[in-house]
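Hello,

Here is the structure I promised to pass on to you. Have a look at it first, and then read on for what turned up.

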Amino acid sequence: MERMEKRTAIDWLVEELETYHTHIDIKNTVAFDFAKIMEKGQIIEAYEIGESEWTDITYENGNDYYNKTYNK
């Protein structure tokens, strides 16, 4: 089974919209920036709530997990 690239739902949505639905540079909008901030907070919170239950890798906190997983 091929391992999928880690990316956020917002990144996937932007790629889909820019490829198939619109010719607007969505990444340069206030809505995109706000959505990324909201999604980052949700990912961090989810990690911190269930961190020891589903991963063998230890991170300092949810922010560390997000940065090492999604910021490449």
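Let me begin with a pair of charged side chains: Asp64 and Lys68 form a salt bridge, with their closest N and O atoms 3.3 Å apart. Please keep in mind throughout that this is a predicted model. Both residues of the pair belong to helix H3, where Asp64 and Lys68 are four residues apart, about one turn of the helix. How buried or exposed are the two partners? Asp64 has a relative accessible area of 13%, and because the cut-off for buried is under 20%, Asp64 counts as buried. Lys68, in contrast, counts as exposed, at 55% relative accessibility.

Asp11 is partly exposed, with a relative accessible area of 27%. Lys36 is buried, at 18%. Helix H2 itself covers residues 30–54. Which residues does Lys36 touch, leaving aside its neighbours within four places in sequence? Lys36 is in contact with Thr8, Ile10, Asp11 and Tyr66.

The remaining salt bridge brings together the side chains of Glu15 and Arg7, at 2.9 Å from N to O. Both partners count as partly exposed: Glu15 has a relative accessibility of 41%, and Arg7 has 31%.

Now for the wider picture. The chain has three helices and zero strands, and its elements run α-α-α from the N terminus on. Of its 72 residues, 28% count as buried. The chain exposes about 6000 Å², and carbon and sulfur atoms supply 54% of that area. Among contacts with a separation of 6 or more, 36% are between residues 24 or more positions apart.

Helix H3, where we started, spans residues 62–70, and its buried residues are Gly62, Asp64, Tyr65, Tyr66, Thr69 and Tyr70. At the N-terminal end of H3 there is a cap: a side-chain oxygen of Asn61 lies 3.0 Å from the backbone nitrogen of Asn63.

Which residues make up the largest nonpolar core? It has seven residues, namely Ile43, Ile44, Tyr47, Tyr59, Tyr65, Tyr66 and Tyr70. H2 and H3 each supply at least two residues of this core.

Not counting residues up to four places away in sequence, Tyr66 touches Thr8, Lys36, Lys40, Ile43, Ile44 and Asn71. That list includes Ile43 and Ile44, which are also in the core.

Enjoy exploring!

Best wishes

Key
Residues numbered from 1 in each chain as written. Predicted model: local features only at pLDDT ≥ 70, side-chain atom pairs only at ≥ 80, totals over all residues. Heavy atoms only, no water. Contact = heavy atoms within 4.5 Å. Buried < 20%, exposed > 50% of the residue type's maximum accessible area, 1.4 Å probe, protein only. Polar contact = N/O pair within 3.5 Å; in protein donor to acceptor, adjacent residues only side chain to side chain. Areas by Shrake-Rupley, 256 points an atom, 1.4 Å probe, with all protein chains shown as cover. Core = buried A, V, L, I, M, F, W, Y, C linked by side-chain atoms within 4.5 Å. Salt bridge = Lys/Arg side-chain N within 4 Å of Asp/Glu carboxyl O.
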